[in-house]
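Subject: Handing over a structure

Dear colleague,

I am passing this structure on to you, and I would be glad if you could look it over alongside the notes that follow.

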Amino acid sequence: MVTYPSSAQIVSEPLGVVLVISTWNYPFSTLSLGPVIGAIAAGNAVVLKPSEVSPATSSLLSKLLGEYMDTSAVRVVEGSVLETTALLEQKWDKIFYTGNGKVGRVILAAAAKHLTPVVLELGGKSPVVVDSNINLKVAARRMISGKWGGNSGQTCVSPDYVITTKEYASKLVDALSCEIENFYGKDPLQSNDLSSIVNSRHFDRLINLLDDETVSGKIVLGGQRDKVKLKIAPTVVLDAPKDSPIMNEEIFGPLLPIITVNKIEDSIRLISSKEKPLAAYLFSNDKKLKEEFITSVSAGGMVINDTNLHLVEPNLPFGGVGESGTGSYHGRFSFDAFSHKKAVLQRGFTGDIAARYPPYANWKIDFLKSLFSGNLIGVLRALFGW
Ligand SMILES: *[C@@H]1O[C@H](CO)[C@@H](O)[C@H](O)[C@H]1NC(C)=O
């Protein structure tokens, strides 16, 4: 009523010059070029800072982008903490960071100095709830694919831990054991299909989680390691204590703790008592449990009856919530992440109502009151002094 007659429009405008800080676990297309494409699509200029943890890929990106892209619009800066710190001192129009919450806080603090908006793609402990009465063989294969396939657990949406009932746990371990052997053979350390850990720092971090005195006795599957090849066999830990390190930091590797509960419904409370994860997965044929899981579990994204796949569906936004991040991208959401939605209202000169302007005579007040309460008679009365 107030704007009539007019037309409203949303105009997407580029933010300006944006900084993309990517990471090492999918260092090429997914986590580096993905956000860069979104930024260019929305009309921005981009500086990409690839990860120093995967230096060969970073220098290849730098070389290829320098060769094939318009360097007045896309630049790559290689380097580590020093270079990133120098980049963060600049004033950007948006910073897009993929990584962990500790560095995420540094990014956010630097961005605050210039009121720069951020997208933070972080991680977290993504749970998998496994109900009974499911197709356990298929569920096990899908869990293994999400956890150990590709990057040996070095994936932000990888299942971090599993919750199942006390009575179902041994069946689940058996199924995992059987399918892991089908995929990786009797000695997984010899398998060419099992990725190694990115470097010895992360290898040692994972071994420390596993060799913790409260955890090492609870290994029910795997545990073998090869320090030279930086490989760790798919490893399952049953009922690690709540306060053990493996249950309190993001694992980001091939170790899978299974936690047991009395009733499967208890899993929802357990997940909600922790920080919001990047992903949450449920294997169940119980409709009620599924509805409750979708409505009450807060997570960046979810998959029912599978793992990781929401990530590759281009019609879904990908991003975290709370401790797992802020903002999202993929598909058109990448375009949205790098543009400002400018609100544009256009009007002609007709329909200029006197009641809008002083002096605020009584008839104007009556008119407006009638107008907003939808009282047509009152409107006419006010206008024509009936
Ligand atoms: C999950 O799988 C179970 C068992 O096959 C099935 O009953 C259930 O409908 C599936 N859930 C969805 C959302 O398709």
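Strand β3 (residues 45–49) pairs with β4 in the parallel sense over three bridges, where helices (H or I, at least four residues) and strands (E, at least two) are DSSP runs numbered from the N terminus, and two strands pair if DSSP finds at least two bridges between them. This is a predicted model, in which local features need pLDDT of at least 70 and side-chain atom pairs count only at pLDDT 80 or more, while totals for chains, interfaces and linings use all residues. Residues are numbered from 1 along each chain as its sequence is written, and side-chain values use heavy atoms, with hydrogens and water left out.

Within that pairing, V46 has V74 in β4 as its bridge partner. Helix α2 (residues 55–68) packs on the sheet and touches β3 and β4, and its direction makes about 150 degrees with that of β4; contact here means heavy atoms within 4.5 Å, and axes are lines fitted to C-alpha atoms, for helices over the stretch in contact, with angles running from 0 to 180 degrees between N-to-C directions. Both strands belong to an open sheet of six strands with mixed pairing, in the order β4-β3-β2-β5-β6-β16. β4 (74–76) and β16 (325–326) stand at its edges, each with a single partner strand, so one side of each is left without a neighbour in the sheet. Helix α3 (residues 81–89) lies across β2 (17–21), β3 and β5 (94–98), and runs at about 155 degrees to β2.

Elsewhere, β14 (residues 279–283) and β15 pair in the parallel sense over four bridges, and A279 has G301 in β15 as its bridge partner.

A few single residues also deserve a look. In the loop between β15 and β16, N305 has a phi near 70 degrees, a positive value in a residue other than glycine, and N305 counts as partly exposed because its relative accessibility is 33%; buried means under 20% relative accessible area, exposed over 50%, and partly exposed in between (1.4 Å probe, protein chains only). H330, in the loop between β16 and α11 (332–337), has a positive phi of about 95 degrees although it is not a glycine, and H330 is buried, with a relative accessible area of 15%.

Finally, the peptide bond from Y4 to P5 is cis, with omega near -10 degrees, and another cis peptide bond joins P358 and P359, with omega about -5 degrees.
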